[in-house]
Amino acid sequence: MFNRIYIEITNICNLNCSFCKEDKRKKASLTLEQFKHILSKIKGHTDHIYLHVKGEPLIHPDIDNIINIAKEYGFNVNITTNGRLIKDNINILNKVRQVNISLHSYDNLDEIKELFNIIESIKTKISLRVWNDNKDIIKLLEDYYKVT
């Protein structure tokens with residue numbers, strides 16, 4: 001049994017971050033039928049799926065249906081996102097087990113502060129991801145969460 005399986009539902013992203021290696025593949029998203037086929041193949045091999053690899057899962061036009069289908073198959077759904085589309089997808093994100101937000105995609109600390117206000121309305125687990133060398137974001141997190 002695997003702890004988790006990652007599924008790339010789209011390789012399309014709304015950003016072009018310097019740390020993300022360029023992908024030469026044709027931009028595409030899984031159809032609902034393709035997604036169901038993958039779920040049928042991995043059923044029994046894990047309880048947790050992570051919607052993340054190269055693309056931004058919240059861009060997928062059927063993200064709500066994808067989450068509903070995954071739950072129908074009995075999977076715990078986790079999403080990793082750059083956070084830029086969270087505001088318009090709070091209801092969808094409240095259906096998943098965990099939302100991982102990559103803060104290193106932000107250049108502006110004020111945008112991260114705004115994000116903190118938005119994620120307060122998400123009722124599921126939140127994981128904020130940041131690379132160790134980004135001291136400004138780490139300091140912002142320490143101040144916001146009053147870490148001493």
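Colleague: Which residues is S102 in contact with, leaving aside its neighbours within four places in sequence?

Modeller: S102 is in contact with T80, T81, N82 and R129. Contact means heavy atoms within 4.5 Å. This is a predicted model: local features need pLDDT of at least 70, side-chain atom pairs count only at pLDDT 80 or more, and totals for chains, interfaces and linings use all residues. Residues are numbered from 1 along each chain as its sequence is written, and side-chain values use heavy atoms, with hydrogens and water left out.

Colleague: Where does S102 lie?

Modeller: S102 sits in strand β4. Helices (H or I, at least four residues) and strands (E, at least two) are DSSP runs, numbered from the N terminus.

Colleague: Why is S102 called buried?

Modeller: Its relative accessible area is 10%. Buried means under 20%, exposed over 50%, and partly exposed in between (1.4 Å probe, protein chains only). So S102, at 10%, counts as buried.

Colleague: How many salt bridges does a search of the whole structure find?

Modeller: The search finds 6. A salt bridge is a side-chain nitrogen of Lys or Arg within 4 Å of a carboxyl oxygen of Asp or Glu. Side chains of opposite charge can pair when their charged atoms come close.

Colleague: What makes E33 and K36 a salt bridge?

Modeller: Their closest N and O atoms are 3.6 Å apart. The limit is 4 Å, so the pair qualifies. Both residues lie in helix α1 (residues 32–42), 3 residues apart, about one turn of the helix.

Colleague: How do you know whether E33 is buried or exposed?

Modeller: E33 has a relative accessible area of 56%. That is over 50%, so E33 is exposed. K36 is at 29%, so K36 counts as partly exposed.

Colleague: What makes K95 and D64 a salt bridge?

Modeller: The closest N and O atoms of K95 and D64 are 2.6 Å apart. That is within 4 Å, so the term applies. K95 lies in the loop between α3 (90–93) and β4 (98–102), and D64 in helix α2 (residues 63–72), so the pair ties together parts that are 31 residues apart in sequence.

Colleague: Why is D64 called partly exposed?

Modeller: D64 has a relative accessible area of 28%. This falls between 20% and 50%, so D64 is partly exposed. K95, at 29%, is partly exposed too.

Colleague: What ties R84 to E111?

Modeller: Their side chains meet in a salt bridge, 3.4 Å from N to O. R84 lies in the loop between β3 (76–81) and α3, and E111 in helix α4 (residues 109–119), so the pair ties together parts that are 27 residues apart in sequence.
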